[in-house]
Amino acid sequence: QVQLVESGGGLVQAGGSLRLSCAASGRTSYVMGWFRQAPGKEREFVAAITWSGSNTDYHDSVKGRFTISRDNAKNTVYLQMNSLKPEDTAVYYCATSTAYSTHPATYAYWGQGTQVTVSS
């Protein structure tokens, strides 16, 4: 019904930048979010944005470094990641929810994920 495809991941050195994209097929919900999951770790909230793009939220660990945005005409959400740290290494997923939440369980549709690796 809804397909989300992430892209833009890769290998970067600490302090570098990446921009992740999530292209959606089908109607996205009110909230689009980014989550990440490292091996052996729980999936954690990174950032979220409402449909209008005027309301955003970030996990404290990425606040000031990451910026979430969306282009509704392209049905795409972005995550600009600056000043990357090794602890940012994870598979990054985009997802959509009908309501704002930081909990993965409330997001109904997910992409396949894109690997972000930050070397020190």
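**Figure 1. Contacts across the whole chain of the predicted model.** Of the contacts between residues at least 6 apart in sequence, 57% join residues at least 24 apart. The model is predicted. Its secondary structure comes to 0 helices and 11 strands. Read along the sequence, the pattern is β-β-β-β-β-β-β-β-β-β-β. The C-alpha trace spans about 40 × 25 × 25 Å along its principal axes.

Figure 2. The accessible surface comes to about 6,200 Å². Carbon and sulfur atoms account for 48% of that surface. Of the 120 residues, 42% count as buried. The protein carries 10 positive and 8 negative charges. The whole structure holds 4 salt bridges.

**Figure 3. R36 and its partner D88.** A salt bridge joins D88 to R36, with the closest N and O atoms 2.9 Å apart. This pair links distant parts of the chain, 52 residues apart. D88 sits in the loop between β8 (76-81) and β9, while R36 belongs to strand β4 (residues 31-37). Both D88 and R36 are buried. R36 counts as buried because its relative accessibility is 5%, under the 20% cut-off.

**Figure 4. R36 and its partner E44.** The side chain of R36 also meets that of E44 in a salt bridge, at 2.6 Å from N to O. E44 has a relative accessible area of 30%, so E44 is partly exposed. R36, at 5%, is buried.

Figure 5. The side chains of K63 and D60 form a salt bridge at 3.4 Å, N to O. K63 is partly exposed, with a relative accessible area of 49%. D60 reaches 62% relative accessibility and therefore counts as exposed. Elsewhere, salt bridges that share partners join R36, E44, R65 and D88 into one network.

**Figure 6. T102 and its surroundings.** T102 is found in the loop between β9 (90-97) and β10 (109-110). Leaving aside residues up to four places away in sequence, T102 touches F35, F45 and D57. The C-alpha atoms of T102 and G33 are separated by 8.3 Å, although the two residues are 69 apart along the chain. T102 counts as partly exposed because its relative accessibility is 30%.

Key. Residues are numbered from 1 along each chain as its sequence is written. This is a predicted model: local features need pLDDT of at least 70, side-chain atom pairs count only at pLDDT 80 or more; totals for chains, interfaces and linings use all residues. Side-chain values use heavy atoms; hydrogens and water are left out. Helices (H or I, at least four residues) and strands (E, at least two) are DSSP runs, numbered from the N terminus. Buried means under 20% relative accessible area, exposed over 50%, partly exposed in between (1.4 Å probe, protein chains only). Contact means heavy atoms within 4.5 Å. Accessible areas come from the Shrake-Rupley method with a 1.4 Å probe; for residues, only the protein chains shown count as cover. Lys and Arg count as positive and Asp and Glu as negative; His and the chain ends are not counted. The place of a charge is taken as NZ of Lys, CZ of Arg, CG of Asp or CD of Glu.
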